[in-house]
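Hello,

Here is the structure I promised to pass on. My notes follow below it.

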Amino acid sequence: MSNGRLDSASKVWMHYGGLIILAAICLMPIWVMISTSLKNEVLIFDGTPVWFFFFPTMENYEYILTRGKFDRYLTNSIIVATLSTFLTLFLGGLCAYALARTEFRGRRFVANATLLVRMVPPAVLAVPAFAMVATFSLNNDLAVLTFFYTALNLPFAIWLLFGFYKQIPVELEEAAIVDGASPLQVFFRVLLPLMKSGYAVAGIFAFRIAWNEFILALLLTGRKTRTLPVGAAGFITDTGVEWGRIMAMGTLIVIPPLLFTFFAARQIIAGMTAGAVKG
Amino acid sequence: MSGVMLRQVVKAYGPIVVIPELDLSIAEGEFVVIVGPSGCGKSTTLRMIAGLETVSGGSIFIADKDVTYAPPKARDIAMVFQSYALYPHMNVAGNMSFALRLAGTPKAEIEERVRRAADMLELTPYLDRKPKDLSGGQRQRVAMGRSIVRDAYCFLFDEPLSNLDAKLRATMRTELALLHKRLERTMVYVTHDQIEAMTMADRIVIMDKGIIQQVGTPREVYTAPENLFVAGFIGSPSMNLLQGEIADQAGDLRVRGAGFDLPIPQRMKTRATGARSRDVVVGLRPEHFSASDSGDGDLAPIRLEVDVAEYIGSSQFLAAMVGEEHVTASVDVGPDAAPLASGDYFFDADRLYLFDRASGQAL
């Protein structure tokens, strides 16, 4: 009997041990980023890397916040990411709803093909995108970047929301219609509350991709329309890489999507539709 | 006439005609059950009354108003769905009051009406719960409560009991019948379960392949089925249908077939005379077989080769052969009888049915 208890105890240890190792692997780069951002240049290039005990400095943050164009990049990023996320959710939601609810020839193909588009890496699109935009002299326009991110995010959002919409029984909508709801009321008072988690998940993905995307942003933006990732890359200069400042910027870049994710994740309540229909 | 009226209603999906042409009048306050096998168009008919399905032709009247092209909310109907379709993000009170809130009913009145409906359905302790925290029967009652609160002119039910277990179904059946008595509203109820239809309906509409086969009170459709389909559909276990022939034996009309020879009852004589020596189908209800000649009725002997005798308490179900054909008989022999074996049984010939084999219509 004591044998069995020992076994289960060691199982727990192995379990948590494994989790701790995995967590450490995930968190290490982040710690390197944060700690580097708090070091001065001498310390960064020191032969023996210091992991935890050093005298932190805020000079990197001070520099990017006062002398860089951080506020402009941040504004650009926020505009592009939120706008494209909103557009993705709005358009993707409509499309997913149509796919889930209407019958037309090739519906299944369309639903699957959307995901296929998703398989194309953004880097492949970079050159044609640039050529297109340059032809119409539309570079340096935030709207263009927003448009591309929306296009990039739509397939996945459609595919994801399609699955969520399919889970909502049609009868719920019919019940609402019989109860006297207009199409907009059906959507806002019955469908949307049930789709919250779906939209939250799609939103997190769309926002994260739009926020972090680098290649298209690099090609399609100019001095005034640069987003944060491109701004951070600006510290890679001919005379050297300013690691401290890059890391400080990186640390700051992480914060908005983190806040967004926490906010969005609160909407994800598993099993919202459970109990709608006896199953 | 008020109530619900369907006049020459047609439903087609492209070239596929689901309901060729349907006429049906439902009186105000009547409880009508539409029954039929799956795919017979009964749900489609109900959904057309509700306005959830467009009609391809004809017109629908509710309370003397032409609602053929009116949206559901303009029809003054309430509907209970097979899956209940409760809003999962609203609690019971929210579910029941949704329609009233949409209509902008004053808050005090909403509360009063929800309270009354909840009392009626014994849902008061659960008003704050979400649907997922309710049992199947409770969900079912919430779905009904949602319609009751509406106080609509007409209530539509789409197989509302099919997700419940047998015992609960029986209880809900009684509750529904009571509800109809209390509310005195027109109710249209769709089911594939003929027991539900028989127990609750004022009138039964039996449908097959989009066509109404017969409309009548439960007694009428049981005792006087108009055609083979109704005969086979109504009654449990279902009626035995055997091939036979009418023979005139010195003025005594009889119906004969492989393994049986039964006298034709007085009430059918005139009609049977016209059908002499024509091919007919004989309908024998399982419950009209008996093991002994009790004297009452018009009992005629019939030989059953019993394959299996199923004990179900006071009677036994026999899977047997008459001639070359399988028949079912439900023989009332009391709970202590030994398993029944092959032999001579009796059939109440006064209760046999005759159908024209070619047309399927009752003689």
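Which residue in β8(B) is the bridge partner of V32(B)? It is V188(B).

Some ground rules. This is a predicted model, in which local features need pLDDT of at least 70, side-chain atom pairs count only at pLDDT 80 or more, and totals for chains, interfaces and linings use all residues. Residues are numbered from 1 along each chain as its sequence is written, while chains are lettered from A and ligands numbered from 1 in the order in which they are written.

**The sheet in chain B**

An open sheet of 6 strands runs in the order β6-β7-β8-β3-β9-β10 (chain B), with mixed pairing. Strands are DSSP runs of E, at least two residues, and helices are runs of H or I, at least four, numbered from the N terminus. Two strands pair if DSSP finds at least two bridges between them. β6 (77-80) and β10 (211-216) of chain B stand at the edges with a single partner strand each, so one side of each has no neighbour in the sheet. The twist averages 15 degrees from one strand to the next, using axes fitted to C-alpha atoms and angles from 0 to 180 degrees between N-to-C directions.

**Strand β8(B)**

Buried means 20 or more other C-beta atoms within 10 Å of the residue's own, with C-beta atoms placed from the backbone. In a regular strand, side chains alternate between the two faces of the sheet. Here T186(B), V188(B) and V190(B) lie on one side, and M187(B), Y189(B) and T191(B) on the other.

β3 (residues 31-35) of chain B pairs with β8(B) in the parallel sense over 5 bridges. In that pairing, I34(B) stands opposite V190(B). β7 (residues 154-158) of chain B also runs parallel to β8(B), joined by 5 bridges. There, D158(B) has V190(B) as its bridge partner.

**Domains of chain B**

The domain assignment, automatic or from a database, gives domain 1 (4-233) and domain 2 (240-356). Their C-alpha centres lie 38 Å apart. In chain B, 5 residues of domain 1 are in contact with 5 residues of domain 2. Contact means C-beta atoms, placed from the backbone, within 7 Å.

**Chain A against chain B**

21 residues of chain A are in contact with 25 residues of chain B. On the chain A side, α8 (170-178) and α9 (183-212) each supply at least two residues. The largest share, 6 residues, comes from α8(A).

Best wishes

Key: Contact = placed C-beta atoms within 7 Å. Buried ≥ 20, exposed ≤ 12 C-beta atoms within 10 Å, placed from the backbone.
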